[in-house]
Amino acid sequence: MSPADFASFSNNAVAAASVVYGLAMLSHVAEWAFGRSLPVGEAVPARAADPVAVPAAAGPSYPSAEAGADEAADGGEDLATRSLRVEVFGRVGVALTVVAGALHLAGLVTRGLGADPARVPWGNMYEFAVAGAFGVTAIYLALLRKYSLRWLGVFVTGFSLVVLMLAVLLLYVPAGPLVPALQSYWLVIHVVAAVIATGAFTVGAMASVLYLVKARAERRGEAATGYVARLPKPAALDRIAYRVHAFGFPVWTFAALIAGPIWAEYAWGRYWGWDPKEVWAFITWVVYAAYLHARATAGWRGKGAALIALVGFATLMFNFVGINLFGSGLHSYSGLG
Amino acid sequence: MSTATEPDRTSPPATPPALGPRELSRWAWRQLTSMRTALILLFLLALAAVPGSIIPQENVDSIAVSQWQDSHPGLTPVYEALGLFSVYESAWFSAIYILLLISLVGCVLPRTKVYWSAMRARPPKAPKNLARLPEARTIELAEDADVVLSRAREVLRRRHYRVVSTGSTGEPGSTGAGEVAAERGYLREAGNLVFHVSLLVVLVGFAAGNLMGYTGGVIVVKGQGFSNSLSQYDDFTPGSLFGPDDLQPFSFTIDDFEVDFLTSGEQAGMPTDFSAEVTYTETPGEEPQSRALAVNHPIKLDGGSVFLVGHGYAPLVTVRDGEGSVAYSGPAVFLPQDASFSSFGVIKVPDALPEQLGFEGLFLPTYGFTMEAGPFSRFPDALDPVMSLLPYKGDLGLDSGEPQSVYSLDKDELEVVEKDDGAPARIDIALGQTKELPDGSGSITFDGVERWVKLQISDKPAKGLALGGVVLALVGLLGSLFIRPRRAWVRVRSVDGRTVVELAGLDRSSGGDLGEEIDEIETLIRNESQKEPT
């Protein structure tokens, strides 16, 4: 295959990934929609006997068929069927996310091969967006089993779908060689670390939002059905958010405060120069540092810390979108205009 | 200023106790070093960094600063008073991070003391009622109590716990009852302290680099040379502790400079490669050496590194004056205005007679023209170079003694050369052409095109200190986030010929899987017990 073939394959793969993300999202929406009518139990998921059943520890829980039968003698059979349907939609959603992630990865790899000469697929804003969205999906899939994250599926697939659509519609530039400033192996190290950290912070922000929603619902004592009722307990959400952030923070430290400065020293002759991108990377770092401190401070735990995490995420997004598109400075690699 | 959930930093009292200066200063110190204050200072630091990314900064882009100041004459004095053109050196920005550092030190010092004694302390004795701990198990085994106890000790030791046992010694003949107290994860707090202290190291390295280093910029036309002395620089920013005499006497010549642009496809015009060939002499008298200089590939010399940061065009022109003699011949540096290298510049001809001449206008590497846009450059490479200049005559103002930019004309004593009909005599001149000025005050010849490179020459000492500091900070951070400080206790006693084992654990940080840990310890104590023949 010639570079041009790879490049057009990449475009097709990214488009296909968007479609499959959309289907995955619909499947998760259906999962929650059908789950609405089910009472919430703290018990094992339906069909727990199935060896690949999603662990119950922190994930959504469905009443077992037996529990359902206890509640409504005549509707018991129906309840079991509906539980099964919810479970099937959930698994289909995860399976489709895996497929979409694979297509997404294929799109990224061929994008790199589609440039002449071949290079890493993150040299302009379109590619940063595609790579960043993949980072989010990858982090989600990597942690899915460990933390039972299926309740995040609808948000992760929705996020990746929206980012890919925006990238294709607004940011697309044809595959081409790198500008000289980016021709360095630090591009691999610096950007990979930034993408991983961004993926972790994005998943962490989703968990923090859901924590806020769930904690609010619990405070108000709202009805025990629907999506919110099926989320893990606030403490579990808070813990997952913390763990993902605690993973992302050192990676961000490495990307923004070690790899970035080393490269800047080679490229621009100074390791730190308060370029707008550097300023905002620093702001993001400071805000997430505040998040970690807040979790250990009376009066800031919980809601306060979650809000700080969201502020951190906002600064991260502003740095990516705002500074790349509207800012000046040395990090102007959007490839647009 | 620390991430662990230690109780050392309790919240400060809401109101100051009414009292003397000693109590007051103590109260103030506690306020300053409280975690809540640290949080607020962190937020202030983030917030204070924002304006510097929006308002042009003197140290980042001084040209942008003067442009901004020209277009905002009303705001400029206010912003200047607030230090908004050099936020990161301003008093208020410094105040925030200095307070933060004091707060950090105020937190780290006492914690180091606490840590020092905690590190040497024995794991605390088992609480009376182990069942009340967050994770507790009770199991019964068939083996002798002292066998189980020594195994428990071994299991915990292998899991990197510090172990202390009381009661049974495990020796034959002992009663068997006893307990093991174990603790692990001491390095978490060490990581936490290292992280915070390393931040100080980074700051010291950063400050030292800024104080003792320098940064300078210079444009060098291909074929020309540079020697490292103050007068050669276009702009030069020394640190407070750096004197011009500290400049090392290296020199170099730009022998060649090549740029490749994409010539086809939608991204045509994008540069794909640029590099210069440089001959340099590190110390006078040394044998000159040759090397390529490119983006991401600086030349490191003793006392400074040379970085390629930009490039542009310098058209070669010859100007003859009204008397027909050559008054100027050579390159004139034009500064690129856009990605297609439409470049703006001036040519000053002070030697022209009877009147001095000046030209101002554009250099277009590949000429294009539309009625709407006027002359423009279609491509960044010099494929069809044209200059579009407006000639001036009169006094260039070079003798007034005031320093003048080489990139602009002082038009106070100059007048535009006009055509016979009184319109300005704009000159569009292609490569190789000669154009006469209509009023007979001279002529200009476009002889050729040369390229120039913009070089940054800088030296920042203590780079290693800053890098070492930040790497150490990362190591400390990893320790403080992922090492789990835990305590575990095992109490063994014999009841009716069976051995009852109570096992309990306590997490000293949040976010751990204490349950799993205790389960594993339980399995190890049990499994090994079952493996052995009884």
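Helices (H or I, at least four residues) and strands (E, at least two) are DSSP runs, numbered from the N terminus. The model is predicted: local features need pLDDT of at least 70, side-chain atom pairs count only at pLDDT 80 or more, and totals for chains, interfaces and linings use all residues. Residues are numbered from 1 along each chain as its sequence is written, chains are lettered from A and ligands numbered from 1 in the order in which they are written, and side-chain values use heavy atoms, with hydrogens and water left out.

**View 1. A nonpolar surface patch holds residues of chains A and B.** Leu478(B) lies in helix H9 of chain B. Leu478(B) is partly exposed, at 36% relative accessibility (buried means under 20% relative accessible area, exposed over 50%, partly exposed in between; 1.4 Å probe, protein chains only). The patch covers about 640 Å², and its members include Leu478(B), Phe482(B), Tyr185(A) and Phe247(A). Patch residues have over 30% relative accessible area and no salt bridge, and nonpolar side chains (Val, Leu, Ile, Met, Phe, Trp, Tyr) are joined within 5 Å. A salt bridge is a side-chain nitrogen of Lys or Arg within 4 Å of a carboxyl oxygen of Asp or Glu. Areas follow the Shrake-Rupley method with a 1.4 Å probe. Two elements give two or more residues each: helix H6 (186-220) of chain A and helix H9 (463-482) of chain B. H6(A) gives the most, with four residues.

**View 2. Phe249(A) and Trp285(A) are stacked.** Rings of Phe, Tyr and Trp (its six-membered ring) pair if their centres lie within 6.5 Å; planes under 30 degrees apart count as stacked, over 60 as edge-to-face and the rest as tilted. The count over all chains is 32 aromatic pairs. In this one, the centres are 5.5 Å apart and the planes 20 degrees. Phe249(A) lies in helix H8 (residues 234-268) of chain A and Trp285(A) in helix H9 (residues 276-294) of chain A, so the pair ties together parts 36 residues apart in sequence. Both Phe249(A) and Trp285(A) are buried.

**View 3. Phe236(B) and Phe242(B) form a tilted pair.** Their ring centres are 6.4 Å apart, with planes at 50 degrees. Phe242(B) is buried, at 11% relative accessible area.

**View 4. One aromatic cluster has members in chains A and B.** Among them are Trp272(A), Trp274(A), Tyr88(B) and Phe93(B).

**View 5. The charged end of Arg85(A) sits over the ring of Phe34(A).** The distance to the ring centre is 4.8 Å. A charge sits over a ring if NZ of Lys or CZ of Arg is within 6 Å of the ring centre and within 35 degrees of the ring normal. In chain B, Arg184(B) lies over the face of Tyr161(B), 5.7 Å from the ring centre.

Notes:
Patches are made of residues with over 30% relative accessible area and no salt bridge: like charges are joined within 9 Å, nonpolar side chains (Val, Leu, Ile, Met, Phe, Trp, Tyr) within 5 Å.
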